[in-house]
Structure formats: C-alpha cells, structure tokens
Amino acid sequence: MTITIGLPSKGRMKDDASAVFERAGMKIVAVGNDRSYRGRVEGFDDVEIAFLSASEISREIGNGTVDFGVTGEDLIREGLAEADKRVEIAARLGFGHADVVVAVPDIWLDVETMADLGDVAAEFRSRHGRRLAIATKYWRLTQQHFSHSHGIQLYRIVESLGATEGAPAAGQADIIVDITSTGSTLKANHLKLLSDGVILRSEACLVRARKPEHEGNETVARITKAVQAAL
Ligand SMILES: Nc1ncnc2c1ncn2[C@@H]1O[C@H](COP(=O)(O)OP(=O)(O)OP(=O)(O)O)[C@@H](O)[C@H]1O
Ligand SMILES: O=P(O)(O)OC[C@H]1O[C@H](OP(=O)(O)OP(=O)(O)O)[C@H](O)[C@@H]1O
C-alpha cells in the first residue's frame with residue numbers, strides 16, 4: 001500500500017514542514033521538475049508526497065485522499081466536522097503558531113469577557129434593530145464557541161475571506177473571529193481580545209487520517225515515529 005503525505009506547496013508552513021521531514025531522516029525530492037506537485041521520500045519507496053495548500057491538506061485528510069498531512073490545527077477543526085473521529089494529531093510540530101480569537105472594538109469598554117458579549121448580543125436587536133454581526137472565515141469554530149460553549153444564540157455570521165480585522169471599521173460587522181499571532185493586526189485595527197476569547201491555540205501538526213488499513217501498517221508507524229523523534 002502506498003502511503004501519501006500532503007505537504008504545503010506554498011505559504012508560511014512550506015519550508016518548516018520540509019525541514020521537519022528532513023530532520024526526521026525523510027528527505028523529500030520532487031518528482032519531475034521543481035514545479036511538480038508530486039514528490040517522493042528517499043529511502044521510503046512506498047511513500048508519495050502530494051504538495052497542496054494548507055487548507056486543501058485539511059480537506060484531503062478529511063476525505064482520506066491523503067494518509068498524513070502537515071497543516072494547522074485551526075484548518076483541521078474548522079474544515080472537518082467531528083475532527084477527532086476522522087483524524088489523529090500524530091505530532092505538534094512547534095511552528096505556525098496562531099490563536100483563533102474573539103475580538104471586539106477597543107471602545108467597547110464594558111465588554112471584557114464572553115459573558116459581557118452575551119449581554120450585548122441579547123440586547124443588540126432592541127438597541128440596533130438587528131443581530132450582532134461577527135465577521136469571520138471560521139464559521140464552525142465560531143458557532144461552537146458562541147452557541148455551544150457560551151450559550152450565545154443571537155448573532156449573525158458575516159463571511160469574510162480576507163482583511164477580517166477591517167470589517168468593524170468598514171461597518172460590515174460589529175466584532176470578529178480571526179487568527180492572531182503577534183497581536184499587531186488587532187491593535188492596528190483598534191480591536192481587543194476578550195479575556196476568555198481564545199477559541200483555539202493552533203500550530204502546525206502532523207495529522208493522520210484514521211483509516212482501518214493503517215492498523216499494523218509498518219510504514220505508517222515508521223513515519224509517525226520518525227517525525228515524533230525529530231521534534
Ligand atoms: N500570522 C498568521 N497568519 C495567518 N496564518 C497563520 C499565521 N501564523 C500561523 N498561521 C497558520 O498558517 C496556516 C495557513 O497557512 P497559509 O496562510 O500559508 O495557507 P495558505 O497557503 O494561504 O492556504 P490556503 O491558500 O489553502 O488558504 C493556518 O493553519 C494558520 O493558523
Ligand atoms: O497577530 P498578527 O501577527 O498581526 O497576525 C495576524 C494576521 O496575520 C494574518 O494575515 P496575513 O497578513 O498573514 O495574510 P493572510 O490572511 O493572507 O494569511 C492573519 O489573517 C491576521 O490578519
């Protein structure tokens with residue numbers, strides 16, 4: 001059985017992901033020319049590399065097209081319903097750190113916690129004639145955090161595909177859910193993080209699709225061990 005590993009073909013995780021595999025003794029070589037989206041691993045004849053974007057890797061692990069992948073935990077938990085049933089986080093790789101957070105305008109002085117935000121959401125319609133609007137590309141994580149973890153039901157999600165932090169100032173939404181690493185984008189857009197507003201602390205992970213045929217497979221065990229030992 002050939003084991004396929006999805007690695008980032010571009011973006012911020014690409015170089016660090018290749019470096020982890022190299023440290024694990026799994027040197028990746030492109031098949032064909034440098035622009036090829038397929039690769040192999042020296043010394044691992046039954047392993048194939050598929051170069052994909054970080055969000056494609058999450059999707060392909062979810063549907064089992066690839067056996068392993070390197071991507072952010074945020075993309076796994078956002079992209080896959082019941083992620084823990086479908087995938088296993090085999091290793092946390094120590095790069096690509098980013099927190100998915102709830103942030104509100106700085107000038108909302110009396111809103112410091114999710115409970116405060118729940119009060120604002122409850123009164124929003126009577127005060128403003130509409131529901132509290134949240135700009136995000138993290139629909140699933142937002143719904144889990146607001147509806148399930150904090151019992152806040154009165155809000156509306158406004159899909160944002162970029163420059164999410166600008167949405168409140170642009171009048172497209174009231175608050176945001178997005179990733180932050182240094183916090184400088186939030187600050188520049190006059191937004192503040194709620195004290196219990198961290199939804200997920202994400203980093204790059206080696207993720208395995210849970211497949212029955214992986215049970216007892218030596219290559220699967222060897223890849224997992226090699227990467228874990230390289231950290
Ligand atoms: N400062 C940051 N901004 C955005 N993403 C970050 C940051 N730090 C770490 N990440 C992580 O990087 C991953 C996204 O990587 P990247 O932006 O390179 O993907 P991408 O190549 O744009 O993927 P796609 O095109 O599929 O969206 C996410 O898991 C995210 O959590
Ligand atoms: O907390 P900070 O260090 O300011 O980082 C957070 C910002 O970085 C990312 O955007 P980026 O400009 O990297 O572009 P992207 O959204 O296209 O990935 C992310 O979407 C945030 O906006």
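**Two ligands, one predicted model**

Let's start with ligand 1. It has 15 residues around it, and Lys10, Arg12, Ser53, Ser55 and Asp74 come nearest. Keep in mind that this is a predicted model.

Now the contacts. Which side chains bring a polar atom to an oxygen atom of ligand 1? Take Lys10: a polar side-chain atom there lies 2.9 Å from a ligand 1 oxygen. Arg12 has a polar side-chain atom 2.7 Å from an oxygen of ligand 1. For Asp74, the distance from a polar side-chain atom to an oxygen of this ligand is 2.6 Å. How much of ligand 1 does the protein cover? On its own, ligand 1 has 620 Å² of accessible area, and the protein covers 72% of that.

Where does ligand 1 sit? The space it takes is the largest pocket. Look at the helices next. α2, residues 54–62, supplies at least two residues of the shell, and so does α3, residues 73–79. Sort the shell of ligand 1 by class: 5 residues are nonpolar, 7 are polar and 3 are charged.

Step back to the domains. Why does ligand 1 lie between domain 1 and domain 2? Because both give residues to its shell. Domain 1 runs 3–97 plus 203–229, and domain 2 runs 98–202.

On to ligand 2. Which residues are around it? Arg12 is there, with Glu165.

A polar side-chain atom of Arg12 is 2.4 Å from one of its oxygen atoms. At Ser181 the backbone takes part: a polar backbone atom lies 2.8 Å from an oxygen of ligand 2. At Thr185 the side chain does, with an N or O atom 2.5 Å from a ligand 2 oxygen. As for cover, ligand 2 on its own has 490 Å² of accessible area, and the protein covers 59% of it.

Which elements give two or more residues to the shell around ligand 2? They are β10, residues 175–180, and α7, residues 184–188. β10 gives the most, with 3 residues. By class, the ligand 2 shell holds 1 nonpolar residue, 6 polar and 3 charged.

Conventions. Residues numbered from 1 in each chain as written. Chains lettered and ligands numbered in written order. Predicted model: local features only at pLDDT ≥ 70, side-chain atom pairs only at ≥ 80, totals over all residues. Heavy atoms only, no water. Near = heavy atom within 4 Å. Polar contact = N/O pair within 3.5 Å; in protein donor to acceptor, adjacent residues only side chain to side chain. Areas by Shrake-Rupley, 256 points an atom, 1.4 Å probe, with all protein chains shown as cover. 1 Å grid on protein atoms, 1.4 Å probe; cavity = no way out; pocket = protein on both sides within 12 Å on 5 of 7 lines; lining within 4 Å. Sits in = over half its atoms within 2 Å of the grid points. Helix = DSSP H or I, 4+ residues; strand = E, 2+ residues; numbered from the N terminus. Nonpolar A, V, L, I, M, F, W, Y, C, P; charged D, E, K, R; others polar. Domains from an automatic or database assignment.
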